[in-house]
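Open the model in your viewer and keep the selection tool at hand. The tour goes element by element.

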Amino acid sequence: MNPTYPIKPQTTKTGARFIVVSLRQDDGRYVAQIAGSPTIRFVANTQRQAERVVTKMYLEGDSRKARQDPKEDRLWLQLAKANGGEHGITVDQYRQRRGV
């Protein structure tokens, strides 16, 4: 898998699956989120660092038990796919483009 790809499926030690989504922001930093866990987001200077922190937060935290709105999950995944060749798109910009 390409390390710069914004969507990365992961597996816990128990075999549970989760998805890390990371996007480059206008200022060059990266925001990463766990799809399905609304409270787990982190902004860092590098994509790798942002992804590592949210993965650690997810694996160590209790927040994975609280599910996020499926519509919001779909938006994050669509945004990540749309951001594959375009850097710096924000969630608000994506929502405006899609009329959401």
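Is strand β3 (residues 30-35) largely enclosed by the rest of the structure or exposed, and why? Six of the six residues of β3 are buried, so the strand is largely enclosed by the rest of the structure. Buried means under 20% relative accessible area, exposed over 50%, and partly exposed in between, with a 1.4 Å probe and protein chains only. Helices (H or I, at least four residues) and strands (E, at least two) are DSSP runs, numbered from the N terminus.

Before going on, note the ground rules. This is a predicted model, in which local features need pLDDT of at least 70, side-chain atom pairs count only at pLDDT 80 or more, and totals for chains, interfaces and linings use all residues. Residues are numbered from 1 along each chain as its sequence is written, and side-chain values use heavy atoms, with hydrogens and water left out.

**Stop 1: both faces of β3.** Select Tyr30, Ala32 and Ile34 for one side.

**Stop 2: the neighbours of β3.** Show strand β2 (residues 17-24), which runs antiparallel to β3 and is joined to it by six bridges. Two strands pair if DSSP finds at least two bridges between them. Pick isoleucine 19: alanine 35 in β3 stands opposite. The β2–β3 hairpin has five residues between its strands, and glycine 28 there takes a positive phi near 95°.

β4 pairs with β3 over five bridges, in the antiparallel sense. Serine 37 in β4 stands opposite isoleucine 34. One residue lies between β3 and β4 in their hairpin, and glycine 36 in the turn has a positive phi of about 100°.

**Stop 3: β1.** Strand β1 (residues 7-11) pairs with β2 over five bridges, again antiparallel. Go back to isoleucine 19 in β2: its bridge partner is proline 9. In the β1–β2 hairpin, five residues separate the strands, and glycine 15 in the turn has a positive phi of about 95°.

**Stop 4: helix α1.** Select residues 47-60. At 1.5 Å a residue (times one less than the number of residues), the 14 residues of α1 should span 20 Å, and the end C-alpha atoms are 20 Å apart, which agrees. Colour Gln47, Ala50, Glu51, Val54, Thr55 and Tyr58: these are buried.

**Stop 5: an aromatic pair.** Rings of Phe, Tyr and Trp (its six-membered ring) pair if their centres lie within 6.5 Å; planes under 30 degrees apart count as stacked, over 60 as edge-to-face and the rest as tilted. The count comes to one aromatic pair. Select phenylalanine 18 and tyrosine 58: the pair is tilted, at 4.4 Å centre to centre and 35° between the planes. Phenylalanine 18 in β2 and tyrosine 58 in α1 are 40 residues apart, so to speak distant parts of the chain linked by the pair. Both residues are buried.

**Last stop: confidence.** Colour by pLDDT, the predictor's confidence in each residue, from 0 to 100. The protein's mean is 79, and 68% of its residues reach 70 or more. Confidence is highest in β2, at 94, and lowest in helix α3 (residues 91-98), at a mean of 65. Where pLDDT is low, the predicted coordinates should not be read in detail.
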